Amino acid sequence: MSNELCYSVWLANAVSSRGDAYCRLIEKFGNARGVYAYTFEKEKADKLITRKMLRELKNKDLSEAVSVVDYCVTSRIGILTCTDGAYPRLLREISDFPALLYVMGNMPDFERFPATAVVGTRKMTEYGMHVAYQLGYGLAWGGSVVVSGM
């Protein structure tokens, strides 16, 4: 398990997965571990870093981040930060891009292949699962990259 990855997950949670805030803090402190080491006692909220985020940045409990990273490692789920070179360039262009991506399988070339995002529900029915499978299978068979929130 990568300690830096734990700090990255901690930071993404602290900034509510807002990529713009995550990247600004990485630019200022060099990496997620640098953000973690800072006390944030004299910082003031602004348009990008809210009071809620500042409260979360002062909370140095890494246990949830360690659990997430451990789960991802054992489940073979990759974690990409918005500062990684493999992070999709087009995704960074949206106004509210995510700080982290959790990746199962191969990361496709989003600039070469069409992509379809699938948004589901937390309480899936049998019928919904059947339709989602058929839809995803058909899209993938037709050449589209299928993106899901897992």
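Predicted model: local features only at pLDDT ≥ 70, side-chain atom pairs only at ≥ 80, totals over all residues.
Residues are numbered from 1 along each chain as its sequence is written, and side-chain values use heavy atoms, with hydrogens and water left out.

The secondary structure of the chain amounts to seven helices and four strands, where helices (H or I, at least four residues) and strands (E, at least two) are DSSP runs numbered from the N terminus. Along the sequence these elements follow the pattern α-α-α-α-α-β-α-β-β-α-β. Taken along the principal axes, the C-alpha atoms fill a box of roughly 55 × 30 × 25 Å. Of the 150 residues in the chain, 29% are buried; buried denotes under 20% relative accessible area, exposed over 50%, and partly exposed in between, with a 1.4 Å probe and protein chains only. Among contacts (heavy atoms within 4.5 Å) between residues at least 6 apart in sequence, 61% join residues at least 24 apart.

Helix α1 (residues 3-14) packs against helix α5 (residues 63-74) at an angle of about 120°, and the two axes are 8 Å apart. Axes are lines fitted to C-alpha atoms, for helices over the stretch in contact, and angles run from 0 to 180 degrees between N-to-C directions. The pair α1 and α5 is therefore oblique; angles under 35 degrees count as roughly parallel, over 145 as roughly antiparallel, 65 to 115 as roughly perpendicular and the rest as oblique. The crossing of α1 and α5 is right-handed, a crossing being left-handed if the near helix is turned anticlockwise from the far one by less than a right angle, and right-handed if clockwise. On the α1 side the contact involves Leu-5, Cys-6, Val-9, Trp-10 and Asn-13, which meet Glu-64, Ala-65, Val-66, Val-68 and Val-69 of α5. The residues of this contact comprise eight nonpolar, one polar and one charged. In this division Ala, Val, Leu, Ile, Met, Phe, Trp, Tyr, Cys and Pro count as nonpolar, Asp, Glu, Lys and Arg as charged, and the others, Gly among them, as polar.

Helix α1 also packs with α2, where the axes come within 9 Å and cross at roughly 130°. These two helices are therefore likewise oblique to each other, and α1 passes α2 in a right-handed crossing. Ser-8, Leu-11 and Ala-12 of α1 meet Tyr-22, Leu-25 and Ile-26 of α2. The contact of α1 with α2 has five nonpolar residues, one polar and no charged.

The buried residues of α2 are Gly-19, Ala-21, Tyr-22, Cys-23, Leu-25 and Ile-26, and they pack against α1, α3, α4, β1 and α6 (89-92). Not counting residues up to four places away in sequence, Tyr-22 touches Ser-8, Leu-11, Ala-12, Val-15, Thr-81, Cys-82, Thr-83 and Ala-99. Just after α2, Gly-30 adopts a positive phi of about 90°.

The largest nonpolar core has 36 residues, of which Trp-10, Leu-11, Tyr-22, Leu-25, Ile-49 and Leu-57 touch the most other members. Two or more residues each are given to this core by α1, α2 (19-29), α3 (32-37), α4 (51-58), α5, β1 (78-81) and β2 (100-103). The largest contribution, seven residues, is from α1. A nonpolar core is a set of buried Ala, Val, Leu, Ile, Met, Phe, Trp, Tyr and Cys residues joined through side-chain atoms within 4.5 Å.

Most residues other than glycine have a negative phi. Ser-16, not a glycine, has a positive phi of about 55° and is placed in the loop between α1 and α2. Its relative accessibility is 43%, so Ser-16 counts as partly exposed. Phe-40 also has a positive phi, near 60°, and lies in the loop between α3 and α4. With a relative accessible area of 2%, Phe-40 is buried.

Pro-88 is found in the loop between β1 and α6 and is buried, with a relative accessible area of 11%. Not counting residues up to four places away in sequence, Pro-88 touches Leu-101, Met-107 and Phe-110. The C-alpha atoms of Pro-88 and Leu-54, which are 34 residues apart along the chain, are separated by 28 Å.
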